[in-house]
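Thanks, everyone, for making the time this morning.

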Amino acid sequence: MTQPRDFAGYAGHPPAMRWPNGAGLAVSIVVNVEEGAELSLSAGDERNEHIYEAVERVEGQPDLCMESHFEYGPRAGWPRIREALRSRKVPATLNACGRALEATPWIAQQAVEDGHEIAAHGWRWERHVHMDEQTERRAIARTVAAIERSAGTPPLGWHTRSATSSHTRDLLIEQGGFLYDSNAYNDDIPYVVDTGHGPHVVLPYAFDTNDMRYYNNGGFVFAEDFARYCIAGFDRLLQEADDAPRMLSIGLHTRIIGRPARIAGLEAFLDHVLAHENVWLATRADIAQAWRKAIGLPDWQPRPCPETFATDSPT
C-alpha cells in the first residue's frame, strides 16, 4: 500500500511557539538499547546479525564473534554513557528493544533511577517493513510488555529500526498507549498527523547527528568527528531558533559511542550545549507533550489496549 507523501511540511511557516522556559531549540539525546535483541541463532532466530564495524555473515552456526561485539554495549559502553549524562544532569530517551531489556533489565532500572524515558524500539532489532499485520501487532505487544516489566511503566514512544511497514503507525495508534512515534526523518521540528483517534505527534529522528556514522564508511573516525558534526548542527539550529522552533536529535548506541576512544565526543558535545542559553534538553515524551500544548491540542491520554494486542503468541 502506498501512503501519500508530504514534501511541503510547514512550507516555511512553522507554528509560532516556544519550548518551556522560552527556549527556541529542543535537544533530544537518544540512547539506542539493542544488545540482546540482535538476530542470533543462539536466541532461536532464523539467522545471525551480520552488520557491525565489519560486515560478515556466519550461516548455520551461532556467530560467537558477533555476539561478543554486542555484549560490549551493556558491559562497558552503557556505564560510560550513563555517567556522561548523569554527571551533567542531562535527560535522555532510551530507545529500547523489548528483548534487549529482558537480557539487561538493570539498564532500564538505572535509566529510570536517573530520570530518563524508556521508549520502544521493537521486540527484536529488525525492520518491520515485511511483517504482516498480525505479526507486527504481536511484536508491538511483546515490546510494550517487556518495557513495562523492566521500567515499571509502559513506553509512550515508538521507533522502528529503519523501514516500517505500511501499517506500523496505524497499529501504534490502535494500541492506544503511544503519545508519539519517531518513524520519520523529514523535518527539524515535530508535526501532527490526523488519525481516527485524534491528532498524533511525530518526532522526526536523524541519521546524520548519530554515532552510527562510525560504521560502514559513515565518515566518523575520531571522537572529535562526532563532536564537531553534532556541534555544527546544534549551532545552526540554535541560530535558526531565534525566529522559529527547532529540534535536534542526537542518536547514540551503547556499543558504538561507549567505546573509550569515542566517548569524549559525546562529552564535548554535551558540554557545548550546556554552555548555551535558549536551549531545552528534554526527553522525547516531554517534547511531544510540549508540542501538543504549544499548538493548542488537549492533553494526551492513553486509551484502553484492545484484546487483539495479546502477548501470548511469539512473533
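This is a predicted model: local features need pLDDT of at least 70, side-chain atom pairs count only at pLDDT 80 or more; totals for chains, interfaces and linings use all residues.

Let me start with helix α4, residues 133-151, and helix α5, residues 168-175, which pack with their axes 10 Å apart and at an angle of about 50°; helices here are DSSP runs of H or I with at least four residues, and strands are E runs of at least two, numbered from the N terminus. The axes are lines fitted to C-alpha atoms over the stretch in contact, with angles running from 0 to 180 degrees between N-to-C directions. The pair is therefore oblique, given that under 35 degrees counts as roughly parallel, over 145 as roughly antiparallel, 65 to 115 as roughly perpendicular and the rest as oblique. On the α4 side, the contact (heavy atoms within 4.5 Å) involves E133, E136, R137, I140 and V144, and α5 contributes T168, L171, L172, E174 and Q175. These residues comprise four nonpolar, two polar and four charged.

Residues are numbered from 1 along each chain as its sequence is written, and side-chain values use heavy atoms, with hydrogens and water left out.

The next pair is helix α1, residues 64-86, and helix α3, residues 105-113, whose axes come within 12 Å and cross at roughly 5°, which makes α1 roughly parallel to α3. Here P74, W78 and R82 of α1 meet W106, I107, Q110, A111 and E113 of α3, a set with five nonpolar, one polar and two charged residues.

Turning to the whole chain, eight helices and nine strands make up its secondary structure. Its C-alpha atoms fill a box of roughly 55 × 45 × 35 Å along the principal axes.

Conventions. Ala, Val, Leu, Ile, Met, Phe, Trp, Tyr, Cys and Pro count as nonpolar, Asp, Glu, Lys and Arg as charged, and the others, Gly among them, as polar.
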